[in-house]
Amino acid sequence: MQLSRIFVLALSLTATLAQPEFASAQDRRGWQDKFRQLDEDWPTATDTRTASGAPGRAYWQQRVDYDIKVALDEAKRAISGRAVITYTNNSPETLKYLWLNLDQNQLAKNSDPVNARISDGDAKETYGAMRRTFAYEESTLGLMVTAVTDESGKPLPFTLVKTLVRIDLPTPLAPGGKTAFAVAWTADIPEITVHGTRGGYEHFEDDKNDLFQMSQWYPRLAAYSDSDGWHLRTFFANSEFTLEFGDFTVEITVPSDHIVAATGELRNAETVLTAEQRARLERARSAKKPVIVVSQEEATKAEAAKAKDTKSWIFHAENVRDFAWASSRKLIWDAQGHEVEPGRTVLAMSFYPKEGNPLWQQYSTAALIHSLDVYGRFTFAYPYPVIISVNGNVGGMEYPMLAFNSGRPDKDKKTGKLTYSSATKYGLISVIIHEAGHNWFPMIVNSDERRWTWMDEGLNTFLQFQAERLWEEGYPARRGEPKDIVDYMKSERRRPIMTDGESLENVGANAYALPATALNILRETIIGRELFDFAFKEYATRWKFKRANPADFFRTMEDASGVDLDWFWRGWFYGTERVDIALNGVTEYAIDTKNPEVEQPLARRRDGDEPQSLTEERNLEEARRDPSLRMRVDRQPDLKDFYNENDRFTVSNADRNKYNALIKDLKPWEKELLGRGEYAYMLDIANIGGLPMPVIVESTTADGDRDVIRIPPEVWRQDPGKFSKLIVSKEKIVSFAIDPRRETADADTENNFWPRRIEPSRLELFKQERPTGRNLMKDMDEKLKTSDDKKDGDKKDDDKDETD
């Protein structure tokens, strides 16, 4: 740390001259305004979407209601269905045709999504990837539309276009009008581990049963919006969906010993559940812990029986944008009611095979209830009557009121004992929170997932992080902490958050972790919890059961918080620069009092602190050994005069008179400044990463006291590359640190300290082995092993499913 003196009277002049000087220099260097407003990038406000980010007075959206009957053929692993769809045109446009999504057609042989699959080109493929390639060659998958008819049963013309189907209306549908038509279809159900799909069936070899997890299983109306018209994009299975709200009545016919979980409320419990199961379900509504509705004993018994007759389960759901269901005789079922607001209880339910216990019975419904509490606190009370978690081998996939979640204990092959790791436990809790949280984003606060993946995944992951932190202290959250996103922010392959969902490369980092972390930084570091929470809740409330676009979110957050955040959205969401703020230098000053009685002794002391000349030091050492080599004036004292007694630091009367003349014309407050005797430090700070952020500076005194100053991001307006900051302290400061708590995702912490710190790490030692060629003689002598050589319980699961 450099030590110097500064004349306080010059400070005001320096500050006055700094701005024009910086601005001129920046203009010459190609200055960029990183605080430029985003109005030119955002859509122009209209009467459907206002400049404040709220829905306008003329906001509209379409409505689609479904009445569906579907039957599961368990033996063929196929479904057949018929849907009567009622479409309400709330738009100001007349529609001559309607578009439906057939997303399962992405699995059809020779489909664009299948043919667009690529390899790394390194002559290596996983077993799972190779099995998938062969499966596509033999594929019979996809939704096969067998008929489209109007209300009278008259056939309607339709045209298949990849993963879409266009239905031509006999009469154009005017604004405010309704039309109804019927669609019949069949579909083979994909095996999830083979195709890596968001739904399908999971096979259990031990008991020869399947667990069906049904998603994208019916023709779904495409969205038609004020900002995009028809949302028509081939489904490549990378990003997800955007749909319209409506009511569903769905009758699901399955083997009579199956248990069905589905979006909505069960309407015919009296015909599909036993009296005892109905009583348990009723008891669960007011229970303080989960009640077992279908026990493991009942499920295990059903596994072996395999009924031949069928039952139909009827579900009804209101104001939802999709419908999913699960069916199997293996399912255990537990439930617990939870009050989400005074007088209204939601039934939280979990469905899982015995392979999920003991984890699922202990944690699944508890995680659902925790999600209801935390998400309700940050947004609005959960509006639906049920919330469901189903255990299957879909990693995690969300639908209204229901989600498929993976995660099970490990079974020891020798002892049969079930155990689980910490990662499995917390991974299960996290995936349930995340998928349950999708009920808020995008199932209620609707968005175009296929285009803007972050609008549901990023916002949801942010709230997941809040829920994880409120589950228990020290929860091992994976996404949300600023320090955990640093590696991705340093990546050369990073893309802006505002990238089309189909063009994302590292989806987990870009659409989940990065926006979640950005919002956490915005909440904790930029605007504070109170303003953020108010604005975030306002956004969720404004767009509840409506379709929001990115600008609606950005504008609402600014409108409700009262803070200009265009620089933040531009840097974090539209750009790829990283946070890397460096403390390049620190100079210590003491205020120059101009009093020679104070300043000259200090100057003498600083001069004496300078290291002695090496030549002078060795001359003195030689003189001590040999007196004849002493200095000339020491051997001849008569050579000394006035200047040997007085040096350049001696205070003269002229010095005193000059000082007295100076202070004579000073005002009292100016004299006080000269006599304060405080320490001053000039910090040279550089923005190496380019992303403007607040600069958090912690200082530590010699006594160990710490102080933090938060310099707002606007400090980067005039010069986005560097600035200097004067800090005054009554105590001597021994060190400075930028972002000491790692709250800004700074990519390089080594340049954050002054004096520089040595970063601790570990050095790993290893033995170097000489490479040897193959010893064919030894290999030939090795005994050939057969399956008879393996003992019971030791056989490796060579047929274990792999996915790439």
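At what angle do helix 12 and helix 13 pack? In this predicted model, helix 12 (residues 507–526) meets helix 13 (residues 529–542) at an angle of about 130°, and their axes lie 6 Å apart. That angle makes helix 12 oblique to helix 13. On the helix 12 side, the contact is made by Leu519, Leu522, Arg523 and Glu524, while helix 13 brings Arg529, Phe532 and Asp533. Sorted by class, this contact of helix 12 with helix 13 has 3 nonpolar and 4 charged residues, with no polar ones.

**The overall picture**

Let us step back to the whole protein. It has 22 helices and 35 strands. The radius of gyration is 36 Å, well over the 28 Å that the globule rule gives for 804 residues, so the protein is more spread out than a compact globule. Along its principal axes, the C-alpha trace spans about 125 × 85 × 55 Å. Buried residues account for 50% of the 804 residues. Of the contacts between residues at least 6 apart in sequence, 76% join residues at least 24 apart.

**A sheet with helices packed on it**

Next comes an open sheet of 6 strands, which has the order 17-20-21-22-24-23 and mixed pairing. Strand 17 (291–294) and strand 23 (396–399) stand at the edges with a single partner strand each, so one side of each has no neighbour in the sheet. From one strand to the next, the twist averages 20°.

Within this sheet, strand 22 (residues 386–391) pairs with strand 24 (residues 402–405) in the parallel sense, over 4 bridges. Asparagine 391 has asparagine 405, in strand 24, as its bridge partner. Helix 6 (residues 275–284) packs on the sheet and touches strand 17, strand 20 (332–341) and strand 21 (344–352). The direction of helix 6 makes about 150° with that of strand 17. Helix 8 (residues 359–378) also packs on the sheet, touching strand 17, strand 20, strand 21, strand 22 and strand 24. For helix 8, the direction makes about 145° with that of strand 21.

**Antiparallel pairs further along**

Strand 31 (residues 695–701) and strand 34 (residues 733–738) pair in the antiparallel sense over 5 bridges. Here threonine 701 stands opposite isoleucine 733 in strand 34. Strand 34 is also joined by 2 bridges to strand 35 (residues 753–754), and these two run antiparallel. The bridge partner of phenylalanine 736 is tryptophan 754 in strand 35.

**Backbone details to look for**

Most residues other than glycine have a negative phi, and most peptide bonds are trans.

| Cis peptide bond | Omega |
|---|---|
| Phenylalanine 441 to proline 442 | near 15° |
| Tryptophan 754 to proline 755 | about -5° |

Proline 442 sits in the loop between helix 9 (422–437) and strand 27 (445–446). Proline 755 is in the loop between strand 35 and helix 22 (776–781).

Where does lysine 306 lie? Its place is the loop between helix 7 (296–305) and strand 18 (310–320). Phi of lysine 306 is near 55°, a positive value in a residue other than glycine. Lysine 306 is partly exposed, with a relative accessible area of 28%. Lysine 594 has a positive phi too, near 65°. The loop that holds lysine 594 runs between strand 29 (581–591) and helix 16 (596–609). With a relative accessible area of 33%, lysine 594 is partly exposed.

How values were computed. Residues numbered from 1 in each chain as written. Predicted model: local features only at pLDDT ≥ 70, side-chain atom pairs only at ≥ 80, totals over all residues. Heavy atoms only, no water. Axes fitted to C-alpha atoms, helices over the stretch in contact; angles between N-to-C directions. Parallel < 35°, antiparallel > 145°, perpendicular 65-115°, else oblique. Contact = heavy atoms within 4.5 Å. Nonpolar A, V, L, I, M, F, W, Y, C, P; charged D, E, K, R; others polar. Pairing = 2+ DSSP bridges. Rg over C-alpha atoms; globule rule 2.2 N^0.38 Å. Buried < 20%, exposed > 50% of the residue type's maximum accessible area, 1.4 Å probe, protein only.
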